[in-house]
Amino acid sequence: WAGWGGGGFMADILGYLFQWTQSEAAEAVFCEEVEEDRRVDWPAELCSRVPALRLALAEAAAAHDLGQHAGRLSGPFLLKCLWQHKGDIERSAAVALAFLRFRLSTEWELEISVGQVEPYALKCGMHWLLRDCHGRAVLVFNPHCLDQAQCSVARYQHMGMYLMEQATNCPEVQRRGVALIFDCRQMPLSLLYQFTLEDVQRGTRMWQGAFPCRVRQIYILGLSRATGNIVRSTLFFFTSSKMRSRVVMVPTPEALAALLGEDFLPTVLGGQLKDFDWERQMQEHIRDGKPLI
């Protein structure tokens, strides 16, 4: 599937679906009725399990000759792993180890700071980070903004991971999860041929059981009928029926806004969030440390 040219696009989708496979058994109850946006504290019960997780991770890392790196993972990151798997030490250690192996293999930072992200990638609009009416974080992909003359696919992926780290720093997002939007309305067909096999593999490995988050839904907006059929066929062969049911093909922005809340999406996505300005939001985040969501 990686050879037909759309591998880079499908790598992101399949990577997130593989992430569901890792967390399916550990999903918390998802509340449809959401109170006002608020942030919650990390549960004391999970905090008490961090030392045991550190020990399990150290043992697992030593078996892969990574013992010297295990202690570099922060307490908040280990809490994310525990939250994803409802305190299960073995599962949490597996995610932490996969994360460690991936970050070391790509020479990416274990905790990405805003100063380490390519500035163009942050501001160009390739990704947006929003919230929806269900209290979930929403990561928007705008593939038409990808310009390899400015920076590589790897740097865009690095930037997307930074945004996801920022989103999951909020325990409320850990509880309610993440939704993804792929806006394909302006995606040129030539873009499908710009991804190398290495880009595809990286895009899958960065999510495949290697990052602690719960992806609740993937919305694909504006695919042509032909491309939509290719996506459906790929999903049919590589995912279960349960996971396929979570991928929603959305025909119009208005239909998307009806699902996620008009007041939470910018006008370009069918919403009524008229003051949305991603570049200004990023400038404030970089300059003042203002939270993204």
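## Close-up views of a predicted model

**View 1. Helix α8 is mostly covered, with 14 of its 16 residues buried.** The model shown in these views is predicted. Helix α8 comprises residues 153-168. From its first C-alpha to its last, α8 reaches 23 Å, close to the 22 Å expected at 1.5 Å a residue.

**View 2. Helix α6 packs against several other helices through its buried residues.** Helix α6 runs over residues 89-106 and has 18 residues. Its reach from first C-alpha to last is 26 Å, close to the expected 26 Å. The buried residues of α6 are S92, A93, V95, A96, L97, F99, L100, F102 and R103. The partners against which the buried residues of α6 pack are α3 (50-63), α4 (67-70), α5, α8 and α10 (197-205).

**View 3. F77 and F99 form a tilted aromatic pair.** A search of the whole structure finds six aromatic pairs. In the pair formed by F77 and F99, the ring centres are 4.2 Å apart and the planes make an angle of 35°. This pair links distant parts of the chain, since F77 belongs to helix α5 (residues 75-84) and F99 to helix α6, 22 residues apart. Both F77 and F99 are buried. Ring pairs also bring in W207 and F211, so that F77, F99, W207 and F211 are linked into a cluster.

**View 4. F141 and F182 form a stacked aromatic pair.** The centres of the two rings lie 4.4 Å from each other, with 15° between the planes. Here, too, the pair links distant parts of the chain: F141 is in strand β2 (residues 137-141) and F182 is in strand β3 (residues 178-183), 41 residues apart. Buried means under 20% relative accessible area. F141 is therefore buried, because its relative accessible area is 5%. F182 likewise counts as buried, because its relative accessibility is 1%.

Terms used. Residues are numbered from 1 along each chain as its sequence is written. This is a predicted model: local features need pLDDT of at least 70, side-chain atom pairs count only at pLDDT 80 or more; totals for chains, interfaces and linings use all residues. Side-chain values use heavy atoms; hydrogens and water are left out. Helices (H or I, at least four residues) and strands (E, at least two) are DSSP runs, numbered from the N terminus. The expected span of a helix is 1.5 Å times one less than its number of residues. Buried means under 20% relative accessible area, exposed over 50%, partly exposed in between (1.4 Å probe, protein chains only). Rings of Phe, Tyr and Trp (its six-membered ring) pair if their centres lie within 6.5 Å; planes under 30 degrees apart count as stacked, over 60 as edge-to-face and the rest as tilted. Contact means heavy atoms within 4.5 Å.
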